[in-house]
Amino acid sequence: MTHTEEKSYTLAEEVILPCTKEIVRLLFGEEAVKKIENISLSNTTVKRRVIDISSNIKDNFINEIKELPYFFIQLDESTDVSSMAQLFVLCRYIHNNKFKEEFLFSFFLETTTKAADIMEIMKQLSNDNQLQLIELLI
């Protein structure tokens, strides 16, 4: 069998699935293992699931902070090893009497790292997610 004829495996198929099957076997038995074997772990399926889950988490988070009277953000600009400037946005707020700190977004700064450019990104973030800048304390 040549290299091109070999079946392509993902990390999930080679590492995660065997471990998961063993855990399920120990906890629930062989019948449950058969159900685990039916889960698709192709790169496309895993990618789609990650995108769906992350979108759901983002939507829940945005909806949570929309309900707040105010929230705080922290901006951090950094340049990576390829000399690409990035902006990281963290959010701090109080929800149900608990202080929370969450990663909100990251952006590549395609123009400059000037305050005016960063403010434009923040305005776009606000518009895209229907966040009121009046509730935003920088």
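On a 1 Å grid over the protein atoms alone, a pocket is an open set of points where a 1.4 Å probe fits, with protein on both sides within 12 Å along at least five of seven lines, and its lining residues have an atom within 4 Å of a point. Welcome to a predicted model, where local features need pLDDT of at least 70, side-chain atom pairs count only at pLDDT 80 or more, and totals for chains, interfaces and linings use all residues. Residues are numbered from 1 along each chain as its sequence is written, and side-chain values use heavy atoms, without hydrogens and water.

**The largest pocket**
- A12, I16, L17, T20, I36, I39, L41, V46, R49 and V50 form the lining of the largest pocket.
- Sorted by class, that lining holds 8 nonpolar, 1 polar and 1 charged residues.
- Helix 1 (11-28) and helix 3 (43-66) each bring at least two lining residues; helices here are DSSP runs of H or I with at least four residues, and strands are runs of E with at least two.
- The most comes from helix 1, with 4 residues.

**Helix 3**
- With 24 residues, helix 3 reaches 34 Å from its first C-alpha to its last, close to the 34 Å expected at 1.5 Å a residue, a span taken as 1.5 Å times one less than the number of residues.
- T45, F61, I62, E64 and I65 of helix 3 are buried, meaning under 20% relative accessible area, with exposed over 50% and partly exposed in between (1.4 Å probe, protein chains only).

**Cysteines**
- The disulfide count is 0, a disulfide being a pair of cysteine sulfur atoms within 2.5 Å.
- C19 is partly exposed at 46% relative accessible area, while C91 is buried at 0%.

Key. Ala, Val, Leu, Ile, Met, Phe, Trp, Tyr, Cys and Pro count as nonpolar, Asp, Glu, Lys and Arg as charged, and the others, Gly among them, as polar.
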